[in-house]
Amino acid sequence: MSAKAISEQTGKEFLYKHINTSAAVQNRFRYATVTAETDWDRLTQEHQWLLTQRLVVKPDQLIKRRGKLGLVGINLDLQGVKDWVKSHLMKDTTVGRAKGVLKNFLIEPFVPHKQEEEFYVCIYAVREGDIVLFHHEGGVEVGDVDAKAQKLTVAVNEKISEEQVKEQLLSYVPEDKKGVLASFIVGLFNLYEDLYFTYLEINPLVVTTDGVYVLDMAAKIDATADFICKSKWGDVEFPPPFGREAYPEEAYIADLDAKSGASLKLTLLNPQGRIWTMVAGGGASVVYSDTICDLGGVDELANYGEYSGAPSEQQTYDYAKTILSLMTREKHPQGKVLIIGGSIANFTNVAATFKGIVRAIKDNQEPLKEHEVKIFVRRGGPNYQEGLRVMGEVGKTTGIPIHVFGTETHMTAIVGMAMGHRPIPNLPPMAAHTANFLLNASNNTVTPANTRTASFSEPKTPNDVSPAKKSKAGLPAAKATTLFSKHTKAIVWGMQTRAVQGMLDFDYVCSREEPSVAAMVYPFTGDHKQKFYWGHKEILLPVYKNMADAMKKHPQVDVMISFASLRSAFDSTVEAMQYPQIHTIAIIAEGIPEAHTRKMIKMADEKGVTIIGPATVGGIKPGCFKIGNTGGMLDNILASKLYRPGSVAYVSRSGGMSNELNNIISRTTDGVYEGVAIGGDRYPGSTFMDHVLRYQDTPGIKMIVVLGEIGGTDEYKICQGIKEGRITKPVVCWCIGTCATMFASEVQFGHAGACANQASETAMAKNQALRDAGAYVPKSFDELGDLIRTVYDELVANGTIVPAQEVPPPTVPMDYSWARELGLIRKPASFMTSICDERGQELIYAGMAITEVFKEEMGIGGVLGLLWFQRRLPRYACQFIEMCLMVTADHGPAVSGAHNTIVCARAGKDLISSLTSGLLTIGDRFGGALDAAAKQFSKAFDSGMLPMDFVNKMKKDGKLIMGIGHRVKSINNPDMRVQILKDFVKQHFPSTQLLDYALDVEKITTSKKPNLILNVDGFIGVSFVDLLRTCGGFTRDEADEFVEIGALNGIFVLGRSMGFIGHYLDQKRLKQGLYRHPWDDISYVLPEHMSM
């Protein structure tokens, strides 16, 4: 959603902060907000003018014509304001058809003035620029300003001057006020542009001898410009339309949407309703709402919403659980229905998103059954069969009635089933997986011969390319009639390897001679080659760091497909239009500010470039070319016969609905000749009429399908074209969004442009106008397919279309990764892991979510238990591990590991290199005695050998007892590290048999020499064996295995790494130079015969 209404207070705050005008703007920042929680004493302290001035009070909740409705208190003192607010606060109020509660009020100073000092000014955006309306008689009785106001049209990229304003807008204004008004209007227009307003109305604007007063204001801003205007806007709160409450669940989904690259929308219409929807796709969500309302369900429709753009499993889960929670709060005597619908996805893995929904259903199965919820599912797209299978299975296992349907069922048929208007069919079992017909049965790896590449009714021509017509000097360049051919070459902006591979597979199955993608541009890497498949063969496509190189080296390219982000799409598109070879640009990104789009449109019109998008999946010309992910994966390409042209061309706003049209047209006619999704923004780069006229002028196209939408007036140009005879081919047209007129309050649908600003922009008005003009218009979307079939059959009957014989397409190998995801193949993994899984929404340590690790306050010891031992260890065990890490962290700079680290650091090496040099010294002689001590003592103890016998045997074998002995510490100078650990172990361990055995050995060795004590390595080694054997988490074999594989030395390595890093940082901080060992500390012993 792009243009969003802001409160009057927010609009005035923007104006007072940022307007630049010589006119004296009065009462700046003199406003106060009142709600039910307002403390009047505090309010008057913050705004002391409330105590001294006469006041005006009014609700600030996006209510139009408040004065006429008696919702403005005028010329009151503070007590009068309090009384007025008290009489209106939290009261039910009806405004038009909307019923709501008055909650927020705005208090401002009362401005005494005469009627002739009131003016009206409004600025709003249109495709070609911005319109400034001015009327010299403002106020409550301003009337139809469109009809009687003075109008100034400001083209895109143009500014206005005070002279223009005086000449074109202020002809009826007294001379003494023209200068002030002209300065203010110019400043207002600049503010409007700088802060990305899309609508700004002031009525009345009062001009007195003191200056300018902004009394009432209504405004909308382009919310997608947040990344540009954040510093000026601050945190903007967008209030809901009057009559609709702002629910926390809506805010929660809006927050999810803001943090995601996917699209997640939710609007609650009637929380007590029995019909709930969870629809994939902006266009499809509108179609489902239309159908529910058409079938009489408007009063029971609980919500509007959509999810699209390939949300993750976790995002879909969060969205679904929110809806399920909302719909199971209040019971309905007839039970409830949930419609999980959608068109045929282009690139979303349906099974992956359904996993999130299935999780939510399982988590809410009891309340769903208690509220007698029935679920109806219809979906298509990549891996949809698996998604539907999983959804059907959860219905069987939970006992919740879930009815699932695929592309064989009309998209909105499940609405009639859910509402009891049509029977629920028993369908045969579906295929277990997607794309099982893509694997080549033959051994032929050569690109197959051409299949049919012309329309059923079009004779093949040597060259079907129609370049842009050359225009006369001074006029905008004419745009091409034919955008794509079987020779079209494109550059793809962005590292979208999946989309590019999909284009190449489409090219191959269409029997193109060469790939349609010539190169890719990606500024964030250096020039390189990227590997792709052309049928069975691997090929390399060049990737360039900058567009200039790509254009220079590929002069045959005439199409650019831009996957640039909403932040960089404008710049990359403007750059692409500098190259005359480019005549078509597809912009995929959603959320580009409208002002940027209008600038791109103007430049494209001047240069004769056709723009498809923004906010689109693209378009497709069967047998020739497809943009990015259009048409979905190859299974859908083949099912909808998009590998060869038919006789029907379509144009749609929605990308998902364009794929649904592919399905409908392939089932009811000979197929698609060309299809374009112009995008859901209010100002698409190219319009319905642009493409309808291309289709009219293309001989191979025999009928045209248009899927229009609420918002905008472009469909009326089609009406005009039909009436004037410019369009003679049959046009089947339907505008979605008919439900909007049935809602009491305004609903912004999924697409930014799907909102009617006047009666003529409603879907119902446009459908009727098209019907009156002579277009074929069904009664509802449900009947669209039947009407397309009827018109097509008439064209076949009168010989306009002559169906051709079907030619089978070549087979294309399936990608390995996709085949594995579908479960068609298996392959031994290169690695196996059992301790960690990072693939999901949340990191998992040995089966435990990272959030749970922190919630349970497991600490480093607990994490080490999960990752090293795959167990949740007892609390005392975790504490012991942490103590071991603490006592082994460092033992001074003299030991070999620290010494090596220091020398390396002083040689200018980096942290990793220095740490590694220290760690490499760890072994049997330094620090590596934990494992060896544990093994030696365990073996002796387990064999029943007495401590004295063990000592004698080791002496006889000439072996050192690992873990015994210290260079400095002795029985008389004990190691406090060992003492600390010993006290803890004795207090908390269930049993210390091996430790006791080692202490008995220590008594024997220290009787011979006082420094032969059980050192810290030996103590940790034997204590760890006791821990593993007695904590209850391991079998004896498991405990012994951990000792055998070297787990205990890891304690020393991990602990001492902390010290080594400390020494590295210490040397860098002290800025120590290169270390050279002193000569006097080296004994030079040369061979005697060499020294003689």
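Predicted model: local features only at pLDDT ≥ 70, side-chain atom pairs only at ≥ 80, totals over all residues.
**Overall make-up**

The chain has 1092 residues, of which 55% are buried, and its secondary structure comes to 38 helices and 35 strands. Along the principal axes, the C-alpha trace spans about 115 × 90 × 80 Å. When contacts between residues at least 6 apart in sequence are considered, 73% of them join residues at least 24 apart. The domain assignment divides the chain into domain 1 (3-233), domain 2 (248-423), domain 3 (483-614), domain 4 (645-805), domain 5 (828-862) and domain 6 (873-1070). Taken over C-alpha atoms, the centres of domain 2 and domain 5 are separated by 31 Å.

**The annotated span and its hairpin**

An unreviewed UniProt entry places the feature "domain: CoA-binding" at residues 483-592. In the model this span is 25% helix and 29% strand, and its end C-alpha atoms lie 24 Å apart. Strand S22 (residues 528-534) pairs with strand S23 (residues 537-544) in the antiparallel sense, over 7 bridges. Tryptophan 534 has lysine 537, in S23, as its bridge partner. The hairpin formed by S22 and S23 has 2 residues between the strands, and in it glycine 535 takes a positive phi near 65°.

An open sheet of 3 strands is arranged in the order S33-S34-S35, with antiparallel pairing. Its edge strands are S33 and strand S35 (848-849), each of which pairs on one side only. S33 is joined to strand S34 (residues 844-845) by 2 bridges, the two strands running antiparallel, and aspartate 837 stands opposite isoleucine 844 in S34. In general, the strands of a sheet pair through backbone hydrogen bonds, in either a parallel or an antiparallel sense.

Leucine 822 lies in the loop between helix H25 (816-821) and strand S33 (836-837). With a relative accessible area of 10%, leucine 822 is buried. The C-alpha atom of leucine 822 is separated by 9.4 Å from that of alanine 351, although the two residues are 471 residues apart along the chain.

| H30 (residues 911-919) | Ser914, Leu915, Ser917, Gly918 | 160° | H29 (896-906), H37 (1049-1069) |

An α-helix has 3.6 residues a turn, so residues three or four places apart point the same way.

In H30, the buried residues are Ser914, Leu915, Ser917 and Gly918. These residues cover an arc of only 160° around the axis, and they therefore sit on the same side of H30. The buried residues of H30 pack against helix H29 and helix H37.

**Serine 285**

Serine 285 is found in helix H9 (residues 282-294), and at 1% relative accessibility it counts as buried. Leaving aside residues up to four places away in sequence, serine 285 touches Val279, Tyr304, Gly305 and Glu306.

How many disulfides does a search of the whole structure find? The search finds 0 disulfides. For cysteine 229, the closest cysteine sulfur is that of cysteine 122, and the 19 Å between the two sulfurs is too far for a bond. Cysteine 229 counts as buried, at 1% relative accessibility. Cysteine 739 is likewise in no disulfide, and the nearest cysteine sulfur, that of cysteine 293, is 4.8 Å away, whereas a disulfide requires the sulfur atoms to be within 2.5 Å. Cysteine 739 is buried, with a relative accessible area of 0%.

Note on methods: Residues numbered from 1 in each chain as written. Heavy atoms only, no water. Domains from an automatic or database assignment. Helix = DSSP H or I, 4+ residues; strand = E, 2+ residues; numbered from the N terminus. Buried < 20%, exposed > 50% of the residue type's maximum accessible area, 1.4 Å probe, protein only. Pairing = 2+ DSSP bridges. UniProt positions renumbered as here; feature names shortened; annotations may be inferred. Contact = heavy atoms within 4.5 Å. Arc of directions from axis to C-beta.
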